[in-house]
Amino acid sequence: MNPPVVVTIAGSDSGGAAGIGADLTTFAALGVHGACVVTAVTAQDTTGVRAIHPVPFDVVAAQLDAVLEDLDPVAVKTGMLATPEVVRLVASRCADRLLVVDPVLVATSGAVLGSVEVVSAYREHLLPVATVVTPNEDEFEALGRPDAANVLVTRGGDVATRVATSNDHGTGCTHSSALASYLAHGVDRATAAARADAFVARQLHHSKDWTLGRGRGPVAHLFVPTSPPTLGAPA
Ligand SMILES: Nc1ncnc2c1ncn2[C@@H]1O[C@H](COP(=O)(O)OP(=O)(O)OP(=O)(O)O)[C@@H](O)[C@H]1O
Ligand SMILES: Cc1ncc(COP(=O)(O)O)c(N)n1
């Protein structure tokens with residue numbers, strides 16, 4: 001039987017904690033086939049972002065056309081979209097699919113990954129057509145505290161499930177990719193959100209004592225220490 005197809009539209013992180021790498025590995029961990037549209041190349045490590053190179057618009061559009069026309073993904077997950085043109089492109093091409101929008105505007109390191117123009121494009125074009133939007137607190141503020149049913153503010157784990165670790169680089173990407181994977185397996189939004197929270201908490205627990213890099217280390221995306229996660233089973 002074919003796995004569900006999910007496409008991530010996001011930037012690369014040379015340090016392998018966030019972005020496309022985190023998304024594809026999370027998709028693999030959760031039993032979906034991952035396709036990818038690369039929007040930007042970042043020179044980044046556990047301590048911060050050194051450089052950002054947006055991919056030319058035509059090349060982003062060509063990647064998206066290829067994936068949509070040939071692989072027909074059931075779900076789309078967006079991360080760093082880099083330019084307002086790409087935000088508008090995604091809104092116009094992906095509104096008819098399960099669409100998880102992680103509005104990547106501020107990195108864990110504090111680096112700004114989205115301009116004022118990008119924020120406006122999100123508000124006007126992408127937020128209204130998303131299935132779920134997963135801003136963190138800073139991104140929620142930057143977006144003007146949108147008051148809509150599809151907005152799920154991520155808060156770094158609630159008291160019961162919070163894992164004490166500084167290895168949290170990539171948690172937002174992992175969380176939104178897990179959410180898109182569970183939706184692609186056919187579970188409802190509330191269940192998918194709860195499972196994504198539990199998945200990230202478990203992955204954070206697994207990597208909590210890692211000492212990779214000198215800054216905020218990566219969350220484990222793939223290592224699954226106990227039984228495999230529940231995928232499309234009844235809610
Ligand atoms: N310390 C933690 N313990 C348990 N769960 C956590 C922890 N940190 C993050 N999470 C989980 O990961 C999700 C995303 O976390 P967070 O909001 O910190 O991501 P982010 O990297 O700031 O997001 P973005 O990619 O939007 O910038 C949270 O909703 C929560 O489910
Ligand atoms: C290419 C890219 N995409 C997304 C993030 C956000 O992830 P985080 O909030 O964990 O820094 C990032 N730092 N880099």
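**Group meeting: a walk through a predicted model**

In helix 1, the buried residues are Gly19, Ile20, Gly21, Ala22, Asp23, Thr25, Thr26, Phe27 and Ala29. A residue is called buried if 20 or more other C-beta atoms lie within 10 Å of its own, exposed if 12 or fewer, and partly exposed in between, with C-beta atoms placed from the backbone. Helices (DSSP runs of H or I, at least four residues) and strands (runs of E, at least two) are numbered from the N terminus.

Some background before I go on. This is a predicted model, in which local features need pLDDT of at least 70 and side-chain atom pairs count only at pLDDT 80 or more, while totals for chains, interfaces and linings use all residues. Residues are numbered from 1 along each chain as its sequence is written, and chains are lettered from A and ligands numbered from 1 in the order in which they are written.

On confidence, pLDDT is the predictor's confidence in each residue, from 0 to 100. The protein chain has a mean pLDDT of 93, and 94% of its residues reach 70 or more. The ipTM is 0.94 and the pTM is 0.93.

Back to helix 1. What do the buried residues of helix 1 pack against? They pack against strand 1, strand 2, strand 4 (75–78) and helix 6 (171–184). Contact here means that the C-beta atoms of two residues, placed from the backbone, lie within 7 Å. After helix 1 comes Gly31, with a positive phi near 70 degrees.

Strand 1 (residues 5–13) and strand 2 (residues 33–44) run parallel and are joined by 9 bridges.

Opposite Val41 is His53 in strand 3.

Val101 stands opposite Val133 of strand 6.

Next, the core. A nonpolar core is a set of buried Ala, Val, Leu, Ile, Met, Phe, Trp, Tyr and Cys residues joined through C-beta atoms within 7 Å. The largest one has 59 residues, and those touching the most other members are Val87, Val90, Leu126, Leu179 and Leu183. Leaving aside neighbours within four places in sequence, Val90 is in contact with Ile9, Thr78, Leu81 and Leu126.

Ala91 lies in helix 3 (residues 84–94). Is Ala91 buried or exposed? Ala91 counts as buried, because 22 C-beta neighbours lie inside 10 Å. Not counting residues up to four places away in sequence, Ala91 touches His125, Leu126 and Val129. Ala91 and Leu127 are 36 residues apart in sequence, and their C-alpha atoms are 8.4 Å apart in space.

Ala198, in helix 7 (residues 189–206), is partly exposed, with 14 other C-beta atoms within 10 Å.

Two loop residues have positive phi without being glycine. Asp72 has a phi near 45 degrees and is in the loop between helix 2 (57–71) and strand 4. With 10 C-beta neighbours inside 10 Å, Asp72 counts as exposed. Ala82 has a phi of about 75 degrees and is in the loop between strand 4 and helix 3. In contrast to Asp72, which is exposed, Ala82 is buried, with 26 other C-beta atoms within 10 Å.

Methods: Pairing = 2+ DSSP bridges.
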